[in-house]
Amino acid sequence: MSNIESVNKPPVEINSEFGLILNCAVRYALGRMTYMPSSVIRYITPLLPYIDDKTLDCFIQDITRYGIDVDKGIGSWGMDIDKEDWLSFLELCNKEMRKRNEN
C-alpha cells in the first residue's frame, strides 16, 4: 500500500456523493475472492485524508461488522490475503479518524 501522507490531492472532486460510491465499492469487495478487494483498497487508500468523516466512519463500521460476522461463522473474508489487506486498511482508516479527532 502507498504512504497516504505523501499523496497530493487527487484530481477528482471528493464530496459526499463520491464517498457514497467508495462505500459501495468497499461493500461490494468485502468477501470477494478476486482481485477486487486489493484493487478497491489500493484505489481508496491515498484518498483517506480527503474523504469526509461519514464515509470514513462507514468504512470502519462495515469492515468491523464484517469481521465480527466472520467470527460468528457468518460470511467469509475470501482469501487469507484479503483478510490481511482489509485489516490493514481498517487500521489506516482508524489512524486517519484518530488524527482528525486529535485536531
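Analyst: Contact here means heavy atoms within 4.5 Å. This is a predicted model, where local features need pLDDT of at least 70, side-chain atom pairs count only at pLDDT 80 or more, and totals for chains, interfaces and linings use all residues. Residues are numbered from 1 along each chain as its sequence is written, and side-chain values use heavy atoms, with hydrogens and water left out.

User: Okay, what is Thr-55 in contact with, leaving aside its neighbours within four places in sequence?

Analyst: Gly-19 and Asn-23. Thr-55 and Gly-19 are 36 residues apart in sequence, yet their C-alpha atoms are 5.3 Å apart in space.

User: Why does Thr-55 count as buried?

Analyst: Buried means under 20% relative accessible area, exposed over 50%, and partly exposed in between (1.4 Å probe, protein chains only). Thr-55 has 3% relative accessibility, so it counts as buried. Thr-55 is found in helix H3; helices are DSSP runs of H or I with at least four residues, numbered from the N terminus.

User: What makes something a nonpolar core?

Analyst: A nonpolar core is a set of buried Ala, Val, Leu, Ile, Met, Phe, Trp, Tyr and Cys residues joined through side-chain atoms within 4.5 Å. The largest one here has 22 residues, and those with the most contacts inside it include Leu-56, Phe-59, Trp-86 and Phe-89. Two or more core residues come from each of helix H1 (16-29), helix H2 (36-44), helix H3 (53-71) and helix H4 (80-102).

User: How many aromatic pairs are there, and why is Trp-86 with Phe-89 called edge-to-face?

Analyst: There are 2. Rings of Phe, Tyr and Trp (its six-membered ring) pair if their centres lie within 6.5 Å; planes under 30 degrees apart count as stacked, over 60 as edge-to-face and the rest as tilted. Phe-59 and Phe-89 are 5.7 Å centre to centre with 50° between the planes, which is tilted. Phe-59 lies in helix H3 and Phe-89 in helix H4, so this pair ties together parts 30 residues apart in sequence. As for Trp-86 and Phe-89, the centres are 6.2 Å apart and the planes at 75°, so that pair is edge-to-face.

User: What makes Phe-59, Trp-86 and Phe-89 a cluster?

Analyst: Ring pairs link them. Phe-59 has 0% relative accessibility, so it counts as buried, and both Trp-86 and Phe-89 are buried too.
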